[in-house]
Amino acid sequence: MSKDFKIEDKIRDKLLIRKERNSLRSLRTSSNLIDFCSNDYLGFAKNLSVKECKDQGATGSRLISGNSTQFELLENKIAAFHKAPAGLIFNSGYDANIGLFSCIADKGDTIIYDQYIHASIRDGIRLSNARSFSFEHNNIASLEKKLQQTDGHILVAIESVYSMDGDEAPLEKIVAVCEKYKADIILDEAHATGVLGKNGEGLAQSLNLESKIFARVHTFGKAMGCHGAIVLGSDDLRHYLINFARSFIYTTALSEHSLHAIESAYDKLKASSDIINQLHQNISLFQSLLSVKLQSKLISSSSPIQCILVPENETVKKVETDLQNKGFDIRAILHPTVEEGKERIRICIHSFNTEEEIKMCVANLEKLIV
Ligand SMILES: Cc1ncc(COP(=O)(O)O)c(C=O)c1O
(Lines give C-alpha, C1' and ligand atoms only; values in the text may rest on other atoms or scores of the structure.)
Protein backbone atom coordinates (compact mmCIF):
# COMPACT_ATOMS: atom_id res chain seq x y z
CA MET A 1 0.00 0.00 0.00
CA SER A 2 1.29 3.44 -0.89
CA LYS A 3 2.76 5.53 1.92
CA ASP A 4 0.51 8.38 0.81
CA PHE A 5 -2.57 6.37 1.77
CA LYS A 6 -3.54 7.90 5.08
CA ILE A 7 -5.76 6.53 7.81
CA GLU A 8 -8.15 9.44 7.13
CA ASP A 9 -8.63 8.10 3.58
CA LYS A 10 -9.32 4.65 4.92
CA ILE A 11 -12.01 5.74 7.36
CA ARG A 12 -13.62 7.95 4.73
CA ASP A 13 -13.74 4.98 2.33
CA LYS A 14 -15.32 2.77 4.92
CA LEU A 15 -17.96 5.39 5.68
CA LEU A 16 -18.64 5.75 1.97
CA ILE A 17 -19.26 2.03 1.65
CA ARG A 18 -21.75 2.21 4.53
CA LYS A 19 -23.47 5.13 2.80
CA GLU A 20 -23.69 3.27 -0.48
CA ARG A 21 -25.24 0.32 1.32
CA ASN A 22 -27.76 2.58 3.03
CA SER A 23 -26.45 1.49 6.41
CA LEU A 24 -24.63 4.61 7.61
CA ARG A 25 -25.39 5.30 11.26
CA SER A 26 -25.69 8.87 12.51
CA LEU A 27 -26.65 10.55 15.75
CA ARG A 28 -29.88 12.46 16.14
CA THR A 29 -30.92 14.85 18.83
CA SER A 30 -34.18 14.15 20.62
CA SER A 31 -37.41 15.20 19.00
CA ASN A 32 -40.94 16.05 20.01
CA LEU A 33 -42.26 12.99 18.24
CA ILE A 34 -44.39 10.40 20.04
CA ASP A 35 -42.01 7.98 21.72
CA PHE A 36 -42.26 4.50 20.21
CA CYS A 37 -38.54 3.83 20.24
CA SER A 38 -36.95 4.41 23.65
CA ASN A 39 -36.23 1.71 26.24
CA ASP A 40 -38.02 3.83 28.85
CA TYR A 41 -40.79 1.21 29.00
CA LEU A 42 -42.32 2.46 32.25
CA GLY A 43 -41.64 6.18 31.84
CA PHE A 44 -39.14 6.21 34.75
CA ALA A 45 -36.62 8.29 32.77
CA LYS A 46 -39.19 11.09 32.52
CA ASN A 47 -39.68 11.53 36.25
CA LEU A 48 -37.14 9.86 38.42
CA SER A 49 -36.85 11.89 41.60
CA VAL A 50 -33.36 11.56 42.98
CA LYS A 51 -32.60 12.37 46.61
CA GLU A 52 -30.73 15.64 47.01
CA CYS A 53 -27.09 14.76 46.82
CA LYS A 54 -24.58 17.28 48.00
CA ASP A 55 -21.72 14.87 48.48
CA GLN A 56 -19.40 12.97 46.28
CA GLY A 57 -18.95 13.02 42.57
CA ALA A 58 -16.80 10.26 41.12
CA THR A 59 -13.42 9.88 42.80
CA GLY A 60 -11.75 6.74 41.48
CA SER A 61 -12.13 3.04 40.84
CA ARG A 62 -13.92 0.84 43.38
CA LEU A 63 -10.63 -0.76 44.40
CA ILE A 64 -8.98 2.61 45.14
CA SER A 65 -11.20 5.45 46.39
CA GLY A 66 -14.52 4.81 44.63
CA ASN A 67 -16.06 2.27 47.01
CA SER A 68 -18.48 3.26 49.77
CA THR A 69 -20.98 1.80 52.22
CA GLN A 70 -23.68 3.24 49.97
CA PHE A 71 -22.39 1.12 47.07
CA GLU A 72 -22.37 -2.07 49.11
CA LEU A 73 -25.77 -1.44 50.73
CA LEU A 74 -27.27 -0.81 47.31
CA GLU A 75 -25.75 -4.01 45.91
CA ASN A 76 -27.24 -5.95 48.84
CA LYS A 77 -30.61 -4.27 48.39
CA ILE A 78 -30.79 -5.05 44.66
CA ALA A 79 -29.54 -8.62 45.20
CA ALA A 80 -32.29 -9.13 47.81
CA PHE A 81 -34.94 -7.76 45.43
CA HIS A 82 -33.78 -10.26 42.80
CA LYS A 83 -33.38 -13.12 45.31
CA ALA A 84 -29.67 -13.51 44.66
CA PRO A 85 -26.93 -14.14 47.25
CA ALA A 86 -24.80 -11.22 46.00
CA GLY A 87 -24.38 -8.59 43.32
CA LEU A 88 -21.70 -6.35 41.85
CA ILE A 89 -22.52 -3.05 40.14
CA PHE A 90 -20.84 -2.13 36.85
CA ASN A 91 -20.95 1.23 35.07
CA SER A 92 -23.16 -0.11 32.27
CA GLY A 93 -24.62 -3.31 30.88
CA TYR A 94 -21.93 -3.24 28.22
CA ASP A 95 -19.23 -3.10 30.90
CA ALA A 96 -20.92 -5.86 32.92
CA ASN A 97 -21.06 -8.25 29.97
CA ILE A 98 -17.57 -7.45 28.73
CA GLY A 99 -16.14 -7.88 32.23
CA LEU A 100 -18.06 -11.05 33.08
CA PHE A 101 -17.61 -12.93 29.81
CA SER A 102 -13.97 -12.01 29.29
CA CYS A 103 -12.90 -13.47 32.64
CA ILE A 104 -15.35 -16.23 33.51
CA ALA A 105 -14.13 -18.94 31.12
CA ASP A 106 -10.54 -20.00 30.43
CA LYS A 107 -8.72 -21.95 27.74
CA GLY A 108 -10.34 -25.39 27.60
CA ASP A 109 -13.76 -24.04 28.64
CA THR A 110 -16.58 -23.34 26.21
CA ILE A 111 -19.16 -20.62 25.89
CA ILE A 112 -22.24 -21.54 23.87
CA TYR A 113 -24.38 -18.54 22.97
CA ASP A 114 -27.66 -17.87 21.21
CA GLN A 115 -26.99 -16.59 17.68
CA TYR A 116 -28.91 -13.38 18.45
CA ILE A 117 -26.97 -12.56 21.61
CA HIS A 118 -26.18 -8.91 22.29
CA ALA A 119 -22.98 -7.32 20.95
CA SER A 120 -21.66 -6.71 24.50
CA ILE A 121 -21.66 -10.47 25.16
CA ARG A 122 -20.04 -11.23 21.81
CA ASP A 123 -17.33 -8.69 22.58
CA GLY A 124 -16.79 -10.19 26.05
CA ILE A 125 -16.47 -13.66 24.53
CA ARG A 126 -13.96 -12.35 21.98
CA LEU A 127 -11.81 -11.07 24.83
CA SER A 128 -11.84 -14.41 26.65
CA ASN A 129 -9.60 -17.40 26.02
CA ALA A 130 -12.53 -19.80 25.86
CA ARG A 131 -13.81 -21.67 22.82
CA SER A 132 -17.19 -20.46 21.68
CA PHE A 133 -20.05 -21.66 19.47
CA SER A 134 -23.42 -20.21 18.68
CA PHE A 135 -26.67 -22.19 18.61
CA GLU A 136 -29.74 -21.41 16.53
CA HIS A 137 -31.90 -18.74 18.08
CA ASN A 138 -34.14 -20.18 20.83
CA ASN A 139 -33.69 -23.68 19.36
CA ILE A 140 -33.29 -26.33 22.09
CA ALA A 141 -32.30 -29.11 19.66
CA SER A 142 -29.52 -26.93 18.28
CA LEU A 143 -28.35 -26.05 21.81
CA GLU A 144 -28.36 -29.71 22.81
CA LYS A 145 -26.31 -30.64 19.74
CA LYS A 146 -23.67 -28.07 20.69
CA LEU A 147 -23.68 -29.26 24.32
CA GLN A 148 -23.02 -32.83 23.15
CA GLN A 149 -19.95 -31.72 21.21
CA THR A 150 -18.35 -29.91 24.14
CA ASP A 151 -16.13 -30.69 27.10
CA GLY A 152 -14.52 -28.65 29.90
CA HIS A 153 -16.65 -26.14 31.80
CA ILE A 154 -19.58 -25.07 29.69
CA LEU A 155 -21.36 -21.74 29.94
CA VAL A 156 -24.53 -20.96 28.02
CA ALA A 157 -25.26 -17.31 27.28
CA ILE A 158 -28.83 -16.23 26.63
CA GLU A 159 -31.07 -13.18 26.96
CA SER A 160 -34.46 -13.11 28.66
CA VAL A 161 -35.88 -10.85 25.95
CA TYR A 162 -33.90 -10.47 22.74
CA SER A 163 -33.28 -6.84 22.02
CA MET A 164 -33.81 -6.86 18.27
CA ASP A 165 -36.64 -9.44 18.06
CA GLY A 166 -38.39 -8.93 21.39
CA ASP A 167 -39.03 -12.64 21.88
CA GLU A 168 -38.32 -14.50 25.13
CA ALA A 169 -35.88 -17.32 25.73
CA PRO A 170 -37.57 -20.68 26.49
CA LEU A 171 -35.90 -20.60 29.89
CA GLU A 172 -37.50 -23.69 31.45
CA LYS A 173 -36.35 -25.87 28.56
CA ILE A 174 -32.90 -24.29 28.51
CA VAL A 175 -32.50 -24.92 32.24
CA ALA A 176 -33.51 -28.58 31.76
CA VAL A 177 -31.07 -29.22 28.92
CA CYS A 178 -28.25 -27.38 30.70
CA GLU A 179 -28.81 -29.45 33.84
CA LYS A 180 -28.53 -32.62 31.73
CA TYR A 181 -25.12 -31.53 30.40
CA LYS A 182 -23.97 -29.78 33.58
CA ALA A 183 -23.67 -26.43 31.84
CA ASP A 184 -23.99 -23.11 33.69
CA ILE A 185 -26.33 -20.41 32.42
CA ILE A 186 -25.63 -16.69 32.19
CA LEU A 187 -28.84 -14.77 31.64
CA ASP A 188 -28.91 -11.18 30.39
CA GLU A 189 -32.12 -9.69 31.81
CA ALA A 190 -31.63 -6.22 30.25
CA HIS A 191 -35.03 -5.98 28.52
CA ALA A 192 -36.87 -8.04 31.14
CA THR A 193 -35.90 -5.82 34.09
CA GLY A 194 -38.95 -3.80 35.07
CA VAL A 195 -41.02 -5.64 32.46
CA LEU A 196 -41.40 -9.33 33.41
CA GLY A 197 -42.62 -10.55 36.78
CA LYS A 198 -45.21 -8.91 39.04
CA ASN A 199 -42.77 -6.18 40.10
CA GLY A 200 -40.46 -6.32 37.12
CA GLU A 201 -38.02 -8.76 38.73
CA GLY A 202 -37.17 -10.34 35.37
CA LEU A 203 -37.71 -13.64 33.57
CA ALA A 204 -35.83 -15.98 35.92
CA GLN A 205 -37.82 -14.90 38.97
CA SER A 206 -41.12 -14.85 37.10
CA LEU A 207 -40.56 -18.60 36.55
CA ASN A 208 -39.01 -19.26 39.98
CA LEU A 209 -35.82 -20.33 38.25
CA GLU A 210 -33.40 -17.85 39.77
CA SER A 211 -31.56 -20.50 41.79
CA LYS A 212 -30.84 -22.44 38.57
CA ILE A 213 -28.98 -19.57 36.91
CA PHE A 214 -25.27 -19.11 37.54
CA ALA A 215 -25.25 -15.36 36.80
CA ARG A 216 -27.89 -12.80 35.89
CA VAL A 217 -27.15 -9.38 34.40
CA HIS A 218 -29.74 -6.68 35.11
CA THR A 219 -29.16 -3.35 33.41
CA PHE A 220 -30.46 -0.02 34.72
CA GLY A 221 -30.48 1.73 31.36
CA LYS A 222 -33.76 0.35 30.00
CA ALA A 223 -36.95 0.36 32.09
CA MET A 224 -35.10 1.67 35.16
CA GLY A 225 -34.40 4.95 33.36
CA CYS A 226 -30.84 5.48 34.62
CA HIS A 227 -27.58 3.74 33.85
CA GLY A 228 -25.35 1.04 35.24
CA ALA A 229 -25.90 -2.69 35.69
CA ILE A 230 -25.53 -5.43 38.26
CA VAL A 231 -24.18 -8.96 37.93
CA LEU A 232 -26.03 -11.25 40.35
CA GLY A 233 -24.70 -14.57 41.57
CA SER A 234 -22.85 -16.20 44.46
CA ASP A 235 -20.55 -14.42 46.91
CA ASP A 236 -17.67 -16.21 45.21
CA LEU A 237 -18.72 -14.90 41.80
CA ARG A 238 -18.80 -11.36 43.21
CA HIS A 239 -15.37 -11.79 44.72
CA TYR A 240 -14.04 -13.31 41.51
CA LEU A 241 -15.30 -10.38 39.41
CA ILE A 242 -13.72 -7.88 41.82
CA ASN A 243 -10.42 -9.65 41.15
CA PHE A 244 -10.62 -10.50 37.45
CA ALA A 245 -13.21 -8.40 35.59
CA ARG A 246 -11.13 -5.71 33.92
CA SER A 247 -14.07 -3.46 33.06
CA PHE A 248 -14.79 -3.36 36.81
CA ILE A 249 -11.21 -2.93 37.99
CA TYR A 250 -9.85 -0.35 35.57
CA THR A 251 -12.57 2.27 35.51
CA THR A 252 -13.89 5.11 37.64
CA ALA A 253 -16.79 3.99 39.82
CA LEU A 254 -20.26 5.53 39.46
CA SER A 255 -20.81 8.72 41.42
CA GLU A 256 -23.03 8.93 44.47
CA HIS A 257 -25.61 10.73 42.37
CA SER A 258 -25.85 7.76 40.02
CA LEU A 259 -26.27 5.39 42.96
CA HIS A 260 -29.13 7.51 44.31
CA ALA A 261 -30.78 7.39 40.89
CA ILE A 262 -30.52 3.58 40.77
CA GLU A 263 -31.86 3.26 44.31
CA SER A 264 -34.80 5.56 43.52
CA ALA A 265 -35.61 3.51 40.43
CA TYR A 266 -35.68 0.27 42.45
CA ASP A 267 -37.84 1.91 45.15
CA LYS A 268 -40.20 3.05 42.42
CA LEU A 269 -40.27 -0.39 40.81
CA LYS A 270 -41.47 -1.99 44.03
CA ALA A 271 -44.62 0.14 43.80
CA SER A 272 -45.11 -0.15 40.05
CA SER A 273 -47.18 -3.28 39.45
CA ASP A 274 -50.03 -1.10 38.06
CA ILE A 275 -47.68 0.61 35.61
CA ILE A 276 -46.28 -2.77 34.53
CA ASN A 277 -49.86 -4.06 34.01
CA GLN A 278 -50.61 -0.98 31.91
CA LEU A 279 -47.52 -1.69 29.79
CA HIS A 280 -48.73 -5.23 29.08
CA GLN A 281 -52.25 -4.00 28.29
CA ASN A 282 -50.75 -1.57 25.78
CA ILE A 283 -48.73 -4.35 24.16
CA SER A 284 -51.91 -6.46 23.83
CA LEU A 285 -53.82 -3.49 22.40
CA PHE A 286 -51.10 -2.86 19.80
CA GLN A 287 -51.14 -6.51 18.70
CA SER A 288 -54.93 -6.75 18.61
CA LEU A 289 -55.16 -3.78 16.23
CA LEU A 290 -52.81 -5.21 13.60
CA SER A 291 -54.36 -6.52 10.38
CA VAL A 292 -53.70 -10.09 9.23
CA LYS A 293 -51.24 -8.64 6.69
CA LEU A 294 -49.12 -6.92 9.35
CA GLN A 295 -49.44 -9.82 11.76
CA SER A 296 -47.87 -12.04 9.12
CA LYS A 297 -44.80 -9.75 9.13
CA LEU A 298 -44.68 -9.38 12.92
CA ILE A 299 -41.93 -11.19 14.84
CA SER A 300 -43.77 -13.09 17.56
CA SER A 301 -43.16 -11.33 20.89
CA SER A 302 -45.10 -10.51 24.03
CA SER A 303 -42.53 -7.96 25.20
CA PRO A 304 -42.58 -4.17 24.60
CA ILE A 305 -40.33 -4.76 21.56
CA GLN A 306 -42.58 -5.35 18.54
CA CYS A 307 -40.89 -5.74 15.16
CA ILE A 308 -42.39 -5.75 11.70
CA LEU A 309 -40.17 -7.14 8.96
CA VAL A 310 -39.60 -4.75 6.06
CA PRO A 311 -36.70 -6.22 4.04
CA GLU A 312 -33.98 -4.04 2.49
CA ASN A 313 -32.30 -1.06 4.08
CA GLU A 314 -33.61 1.43 1.53
CA THR A 315 -37.23 0.30 1.88
CA VAL A 316 -37.24 0.17 5.67
CA LYS A 317 -35.51 3.56 5.92
CA LYS A 318 -38.23 5.09 3.77
CA VAL A 319 -40.92 3.68 6.08
CA GLU A 320 -39.01 5.10 9.07
CA THR A 321 -38.86 8.58 7.49
CA ASP A 322 -42.56 8.47 6.59
CA LEU A 323 -43.50 7.43 10.15
CA GLN A 324 -41.40 10.24 11.58
CA ASN A 325 -43.02 12.73 9.23
CA LYS A 326 -46.36 11.58 10.65
CA GLY A 327 -45.13 12.36 14.20
CA PHE A 328 -43.91 8.96 15.47
CA ASP A 329 -40.45 8.35 16.80
CA ILE A 330 -40.01 4.86 15.42
CA ARG A 331 -36.71 3.46 14.18
CA ALA A 332 -35.72 1.14 11.40
CA ILE A 333 -33.24 -1.59 12.25
CA LEU A 334 -30.89 -2.06 9.35
CA HIS A 335 -28.43 -4.63 8.11
CA PRO A 336 -25.67 -5.15 9.47
CA THR A 337 -27.34 -4.82 12.90
CA VAL A 338 -29.68 -7.62 11.72
CA GLU A 339 -29.24 -10.25 8.99
CA GLU A 340 -29.74 -9.14 5.40
CA GLY A 341 -33.41 -9.63 4.46
CA LYS A 342 -34.49 -9.30 8.10
CA GLU A 343 -34.45 -5.49 8.26
CA ARG A 344 -37.35 -4.25 10.33
CA ILE A 345 -39.38 -1.47 11.86
CA ARG A 346 -38.92 -1.78 15.63
CA ILE A 347 -41.72 -0.37 17.76
CA CYS A 348 -41.22 -0.05 21.51
CA ILE A 349 -44.45 0.12 23.46
CA HIS A 350 -44.54 2.01 26.76
CA SER A 351 -46.89 2.16 29.73
CA PHE A 352 -47.42 5.87 29.00
CA ASN A 353 -48.42 5.52 25.32
CA THR A 354 -52.11 6.42 25.14
CA GLU A 355 -54.77 4.31 23.43
CA GLU A 356 -55.13 7.07 20.84
CA GLU A 357 -51.37 7.10 20.13
CA ILE A 358 -51.29 3.33 19.72
CA LYS A 359 -54.30 3.40 17.39
CA MET A 360 -52.75 6.17 15.28
CA CYS A 361 -49.43 4.35 15.20
CA VAL A 362 -51.02 1.13 13.91
CA ALA A 363 -53.14 3.04 11.35
CA ASN A 364 -49.97 4.58 9.93
CA LEU A 365 -48.09 1.29 9.91
CA GLU A 366 -50.97 -0.23 7.93
CA LYS A 367 -50.78 2.57 5.36
CA LEU A 368 -47.00 2.65 5.00
CA ILE A 369 -46.02 -1.01 5.03
CA VAL A 370 -47.06 -2.87 1.92
C1 LIG B 1 -29.47 -7.39 25.86
C2 LIG B 1 -28.61 -6.23 26.22
N3 LIG B 1 -27.57 -6.42 27.06
C4 LIG B 1 -26.76 -5.41 27.41
C5 LIG B 1 -26.95 -4.14 26.92
C6 LIG B 1 -26.02 -3.04 27.31
O7 LIG B 1 -26.55 -2.36 28.38
P8 LIG B 1 -26.16 -0.82 28.64
O9 LIG B 1 -26.98 -0.02 27.70
O10 LIG B 1 -26.49 -0.60 30.07
O11 LIG B 1 -24.69 -0.71 28.36
C12 LIG B 1 -28.04 -3.89 26.08
C13 LIG B 1 -28.28 -2.50 25.57
O14 LIG B 1 -28.24 -2.18 24.44
C15 LIG B 1 -28.88 -4.96 25.70
O16 LIG B 1 -29.90 -4.75 24.87
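**Reading charges and salt bridges**

Author: In this predicted model, Lys10, Lys14, Arg18, Arg21 and Arg25 gather on the surface in a patch of positive charge. One of these residues, Arg18, is found in helix H1, which covers residues 7–20, and with a relative accessible area of 30% Arg18 is partly exposed.

Reader: What can side chains of opposite charge do when their charged atoms come close?

Author: Side chains of opposite charge can pair when their charged atoms come close. Here the count comes to 15 salt bridges, and one of them joins Arg12 to Asp9, with the closest N and O atoms 3.5 Å apart. Arg12 and Asp9 are 3 residues apart in helix H1, so about one helical turn separates them. Asp9 is partly exposed, with a relative accessible area of 24%, and a network of salt bridges links Glu8, Asp9 and Arg12.

Reader: Which parts does the salt bridge between Lys77 and Glu263 tie together?

Author: The side chains of Lys77 and Glu263 meet in a salt bridge at 2.9 Å, N to O. Because Lys77 lies in helix H3 (residues 69–81) and Glu263 in helix H11 (residues 256–270), the pair ties together parts that are 186 residues apart in sequence.

Reader: And where do Arg131 and Asp151 lie?

Author: The side chains of Arg131 and Asp151 meet in a salt bridge at 3.2 Å, N to O. Arg131 lies in strand E4 (residues 131–135) and Asp151 in the loop between H6 and E5, so this pair ties together parts that are 20 residues apart in sequence. Arg131 counts as partly exposed, at 39% relative accessibility.

Definitions and conventions:
Residues numbered from 1 in each chain as written. Predicted model: local features only at pLDDT ≥ 70, side-chain atom pairs only at ≥ 80, totals over all residues. Heavy atoms only, no water. Patch = residues over 30% accessible without salt bridge, like charges linked within 9 Å, V, L, I, M, F, W, Y side chains within 5 Å. Areas by Shrake-Rupley, 256 points an atom, 1.4 Å probe, with all protein chains shown as cover. Salt bridge = Lys/Arg side-chain N within 4 Å of Asp/Glu carboxyl O. Lys, Arg positive; Asp, Glu negative; His and termini not counted. Charge placed at Lys NZ, Arg CZ, Asp CG, Glu CD. Helix = DSSP H or I, 4+ residues; strand = E, 2+ residues; numbered from the N terminus. Buried < 20%, exposed > 50% of the residue type's maximum accessible area, 1.4 Å probe, protein only.
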